[in-house]
Amino acid sequence: MLRVVTGFIDELRHSGVPVSMVETLDAMRALETIGLTDREELRETLRATLVKNLRHERAFDTAFDVYFSTLPRQEEHDDVGEQFAGSGGGGPGSGGGDADLEDLVAALLDSLAGLDDEALRRAVGEAVSRLAGMEPGRPVGGTYYLYRTMRRLDMERLEELLMQAMLGEHEVTEFERRLVTEEVAARLETLRAEIEEEIRRRLVADRGREAVARTLRRPLVEDVDLMHATASDLAEMEAAIGPLTRKLAARLARRRRRRSGRLDFRRTVRRSLATGGVPADPQFRHPRPHRPEVWLLCDVSGSMATFSRFTLQFTHAMSTHFSKLRSFAFVDTIDEVTDFFGPGIDFGSAVARITTEAEVVWLDGHSDYGNSLETFLSRYGRQITPRTTLIVTGDARNNYRPPRDGVLADIAKAARAVIWLNPEPHAYWDTGDSTMSHYARHCTSVHEVRTLRQLERFVEELTLPTARGSGNR
Amino acid sequence: MSLDSPQEVAGALRAASYLPDARIAQVVFLAARLDKPVLVEGPAGVGKTELAKAMAAVTERRLIRLQCYEGLDEAKALYEWNYKKQLLRIQADADHDWDTISHDIFSEDFLLTRPLLEAIRSTDPVVLLIDEVDRVEVETEALLLEVLSDFQVSIPELGTMTAVTRPMVFLTSNNTRELSEALKRRCLFLHIDYPDPARETEILKARVPGLSDHLADQVARVARSIRSLDLKKAPSVSETIDWARTLIALSVEEVDEEVLGDTFHVLLKYQVDIERAAKELTSNPAR
Ligand SMILES: Nc1ncnc2c1ncn2[C@@H]1O[C@H](COP(=O)(O)OP(=O)(O)OP(=O)(O)O)[C@@H](O)[C@H]1O
Ligand SMILES: [Mg+2]
């Protein structure tokens, strides 16, 4: 057992989860307090001691399922030995007759409708045996088997049948239907997870823990390249964006601690006691944080497709923390999109409106930073104040058009700060049609932001010049 | 109260009207066994603070609460000298030499004990709740870390004080800020999310007398439905509890679109959210 745990911790580290020595020792100590017969107890024990960040839980669960898949669940004592035995002998594509399949579907439906976990697991074992067409020795992660099983079970039809089963005969309102639909979705998700787990268990029996874990390893969400993130990566990032934007909001609102606040009489007197009553060390109240004005300028051109989706998510989240956030989207010209975002507006419709309503394309739909900046300056320039912080996100790939960076210089002069976030690796800047350094010299700071981790670091280290004009007084 | 297994912990919490899931019970059990603080993280109103309170009730310990906020400092978290009293003493003793006076005024009599020190000095075992720790600045976090490492505090003028009994410690966080790795390493980590409808139904029944099974179940499902929307602020468990109470007060036996439309404001605090939920869940837009 100890060996498995050590292997498991190694796997966590391989997938990027930072596990310290102290935490390893804690985990070992914790294991001594529990019986090792219950998989979920073990799971929560290892989770609490080893994973301290919600974002690492997916990696944790994947590795856990692989390493401890053969451990029985609470009060479950099925025979794990029969892994491939029940595959029915038929090659992939068999899976019994239609009548058998109907029986199987009926069994699944019953267990799902009746919330009978034990029966569900049995039916899922059966389904995987007959429908997944697993072939021993293939170095796959199981996704293929999962989809094959689900396709053969016909999830859409299962959904319909389950809906029928749960709605019964009587008329229902839209409202009731919605609640039932969500319940059905939740149960089908349980089914999906069960199938996935069953497949993993068999893969592990076939190929061993290390091999399966290696195939299943994915970069942590914070290390996924934003230019190539998948839809599910983006969905996962969304959860991280909330705290991050809140933190950014706090950073932008913060002023550096200086002795510019009002005298704090009480604390001064208190300190003076140490010096025999002489107020040698005057204490000041911290000045109030001020309300920052933030404007986001996002390149939404094709070369940025995935990244801009990410930035728009970011914009969306930001707009819930800053009342004074304005957002602009550009390709070869720029348009304000502030009203497309905001609390209560869902992200999908915001993005849809940007593509249909915002005028971001003027000529040919290829990025033109020069023209976008010029349009921006002439339309909104006068509204920039010394409290305005501009954040530009884009790769500065200008299709060999003139950069017109003088315009950015003018913008920067009017604003508190201009920050540029570039999703390309630093080494690619200024290669080909990238004009990053033209713009960089007018920016307060420029950052490579290819991953969520880099975005976090940017937020972490952000310090801004104090708002001009409202500064040292 | 014996807490010799996660199941016993769960049972004890339930008896104190706190409905844990298996994860919560497991982590609390471990915390008690290993004498480690628990860092409880999760969205607003999922029962983080309540868990600490329930554990105080279960273990019959006094609850000492340090409510964190931006700007919380040592003087408010640990201890402070009572400067007014000290000033008065200095004035009263004007003819004594400074050494005598300073020895005098930096004694127990002039010490204002704040929650952390109070927890350390308590002779009875206590539950220490450090609530909303993500609100404090990094410097204060370092202070907490120090205290949690060895449960002792040294006051230059008085010497070192060490805890006689180890407090059971809960820290809560809404994750508005990433806490330091060092602090996290010290703690067991417990993420609590919104309860699934089955557990929320139980919570509602435990907290709202007179609620029927059917209504509890409906309330829990509507809550899940609304939480799946993209909202400025999703309804917390306390809000679903309020909503259930409202429904009882209105003698509602069955939630339908109309009831929901009329009572959205109990669940949702922002007009935009109400409008959005009305659009999704009812056929008529919000009023
Ligand atoms: N598991 C539970 N069992 C019983 N009641 C619960 C449970 N979870 C939440 N509640 C109820 O929800 C209320 C809100 O919980 P609590 O104040 O602990 O939330 P919180 O997570 O600390 O939120 P915040 O982040 O806003 O401080 C509690 O007063 C309690 O009535
Ligand atoms: Mg709380």
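Student: How many salt bridges does the rule find across the interface of chain B and chain A?
Tutor: It finds 5. Keep in mind that this is a predicted model.

Student: Which residue of chain A forms a salt bridge with B:E280?
Tutor: That's A:R178, and the closest N and O atoms of the pair are 3.3 Å apart.

Student: Which helix gives the largest share of chain B's side of the contact?
Tutor: Helix 2 of chain B, residues 22-34, which supplies 7 residues to the side touching chain A. By class, that side of chain B has 22 charged, 20 nonpolar and 9 polar residues.

Student: And what area is buried between the two chains?
Tutor: About 4200 Å², with carbon and sulfur atoms giving 55% of that. In terms of residues, 51 from chain B are in contact with 43 from chain A.

Student: How many residue pairs are in polar contact across the interface?
Tutor: The rule finds 11, counting pairs where both residues have pLDDT 80 or more.

Student: OK, zooming out. How many salt bridges are there over all chains?
Tutor: A search of the whole structure gives 53. One of them joins A:E456 and A:R55, with the closest N and O atoms 2.7 Å apart.

Student: Where do A:E456 and A:R55 lie?
Tutor: A:E456 is in helix 18 of chain A (residues 452-461), while A:R55 is in the loop between helix 3 (39-50) and helix 4 (57-67), so the pair ties together parts 401 residues apart in sequence.

Student: Is A:E456 buried or exposed?
Tutor: A:E456 is buried, and A:R55 is buried too.

Student: What about A:R201, which residue does it form a salt bridge with?
Tutor: With A:E198, at 3.2 Å between the closest N and O atoms. Both lie in helix 9 of chain A (residues 174-207), 3 residues apart, or about one turn of the helix.

Student: Why does A:R201 count as buried?
Tutor: Because its relative accessibility is 5%, and the cut-off for buried is under 20%. A:E198 counts as buried as well, at 11%.

Student: Now A:R387. What's its salt-bridge partner?
Tutor: A:E293, with the closest N and O atoms 3.2 Å apart. This pair links distant parts of the chain, 94 residues apart: A:R387 is in the loop between helix 15 (369-380) and strand 4 (388-393) of chain A, and A:E293 is in strand 1 (residues 293-299).

Student: What's the relative accessible area of A:R387?
Tutor: It's 33%, so A:R387 is partly exposed. A:E293, in contrast, is buried at 11%.

Student: Which residues do salt bridges with shared partners join into one network?
Tutor: Among them are A:E40, A:R43, A:E44, A:R47, A:E189 and A:R192, and B:R23 from chain B belongs to that network as well.

Student: Switching to ligand 1. Which residues come nearest?
Tutor: Of the 18 residues around ligand 1, the nearest are B:L19, B:G45, B:K48, B:T49 and B:E50. For B:K48, an N or O atom in the side chain is 2.7 Å from an oxygen atom of the ligand.

Student: Which polar side-chain atoms lie 3.2 Å from an oxygen atom of ligand 1?
Tutor: One belongs to B:E132, and another to B:R207.

Student: Last one: where is B:T263, and what does it touch?
Tutor: B:T263 is in helix 13 of chain B, residues 257-267. Leaving out residues up to four places away in sequence, B:T263 touches B:W243, B:T246, B:L247 and B:L250. With 3% relative accessibility, B:T263 counts as buried.

Methods:
Residues numbered from 1 in each chain as written. Chains lettered and ligands numbered in written order. Predicted model: local features only at pLDDT ≥ 70, side-chain atom pairs only at ≥ 80, totals over all residues. Heavy atoms only, no water. Helix = DSSP H or I, 4+ residues; strand = E, 2+ residues; numbered from the N terminus. Buried < 20%, exposed > 50% of the residue type's maximum accessible area, 1.4 Å probe, protein only. Contact = heavy atoms within 4.5 Å. Buried area = accessible area lost by both parts, 1.4 Å probe. Salt bridge = Lys/Arg side-chain N within 4 Å of Asp/Glu carboxyl O. Polar contact = N/O pair within 3.5 Å; in protein donor to acceptor, adjacent residues only side chain to side chain. Nonpolar A, V, L, I, M, F, W, Y, C, P; charged D, E, K, R; others polar. Near = heavy atom within 4 Å.
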